[in-house]
Amino acid sequence: MIEARHLRVLRAVSTTGSFSAAARELGCTQPAVSQQMKALEASAGTTLLIRTGREMRLTQAGEALVRHASGILAGLTAAEEEVAAIAGLRAGRVRLVSFPSGSSTLVPGALAALRADHPGTRVSLVEAEPPRSVDLLREGDCDIALAFRYGATGGEWDDLVVRPLLTDRLIGLLPEGHRLAEAASVSIGELADESWIAGCPRCRRQLVEVCEEAGFAPRIDFATDDYPAVMGLVGAGLGVAVLPELAVESVRPKGARAVPVEPAIEREIVALTLPDLARVPAVAATLDQLARTAAR
């Protein structure tokens, strides 16, 4: 019989490429990982891993098993949580993954309200940008992923339950002494000759696309995933930036002015979960609170 704990170890080995790295990720010893892989191969009746140099490579059978493992583990977690809630053993446990500006704006209010209404529900939070956060959800490593996208991408989230939260507009950030700092709004094209400071990879890609549509390629001199760093660089007069409004709300810009950008550039903020997990009471309650917080 294939056991869930063995599937978790196999997935960790496939992700990290070695027994030792998988052991570090799982918080156990390398011999324990090796023993569990031997037990899994005995249960499967075939070889699942082959050592190639310093790394472990999945066989065809191993690839098939890893492909099914995420759905199996996610479904098992959902079943455990739902049964526990029905049986009254505990109010629930929710593992939340969020991008940084969501963590500092939407998440605190939602979790505070959730704790007030359901004090027995335990929520953990880690940060990851999409698409990594969505991968964590599909791999069974979280229950809810707070994510965003620029424009609907066909089929991107078709296998998930999508809870729309809000539309987040991008805001221009200019040094206080900039010629357009007092403008009511600014066109992207007016910033064609500026030095740019770019944010997270997905936002960076969106910036490049918008600038190209305006007829120029932005000269990105600085790139950082840290929004306070972006604002600090702008405030020091080292360039201009375009950031989501949520990010601007979460950090008070010093020495920088926020100016609306025309045409409007928007991103859709959503909460994602798996269909099985959406029926778990604690997950459903968390989704409801995120929606209420976003609507305020």
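**Exercise 1. Find which residues of H3 are exposed on one side and which are buried on the other.**

*Solution.* Start with the exposed side: Gln35, Lys38 and Ala42 of H3 are exposed. Here exposed means over 50% relative accessible area, buried under 20%, and partly exposed in between, with a 1.4 Å probe and protein chains only. Next, list the buried residues of H3, which are Val33, Ser34, Gln36, Met37 and Leu40. They cover an arc of only 165° around the axis, so they lie on the same side of H3; the arc is that of the directions from the helix axis to the C-beta atoms.

A word on the model: it is predicted, so local features need pLDDT of at least 70 and side-chain atom pairs count only at pLDDT 80 or more, while totals for chains, interfaces and linings use all residues. Residues are numbered from 1 along each chain as its sequence is written, and side-chain values use heavy atoms, leaving out hydrogens and water.

**Exercise 2. Check the span of helix H3 against its number of residues.**

*Solution.* Helices (H or I, at least four residues) and strands (E, at least two) are DSSP runs, numbered from the N terminus. H3 covers residues 30–44, which is 15 residues. The expected span is 1.5 Å times one less than the number of residues, so H3 should span 21 Å. Its end C-alpha atoms are 21 Å apart, which agrees. Just after H3, Gly45 takes a positive phi of about 75°.

**Exercise 3. Describe how H2 packs on H3.**

*Solution.* First take the axes, lines fitted to C-alpha atoms over the stretch in contact, with angles from 0 to 180 degrees between N-to-C directions. The axes of H2 (residues 19–26) and H3 come within 8 Å and cross at roughly 105°. That makes H2 roughly perpendicular to H3, since angles of 65 to 115 degrees count as such, under 35 as roughly parallel, over 145 as roughly antiparallel and the rest as oblique. Then look at contacts, meaning heavy atoms within 4.5 Å: Phe19, Ser20, Ala22 and Ala23 in H2 meet Gln30, Val33, Ser34 and Met37 in H3.

**Exercise 4. State whether His6 is buried or exposed, and name its contacts.**

*Solution.* His6 is found in helix H1. At 4% relative accessibility, His6 counts as buried. Leaving aside neighbours within four places in sequence, His6 is in contact with Gln36, Met37, Ala39 and Leu40. Among these, Gln36, Met37 and Leu40 are also buried residues of H3.
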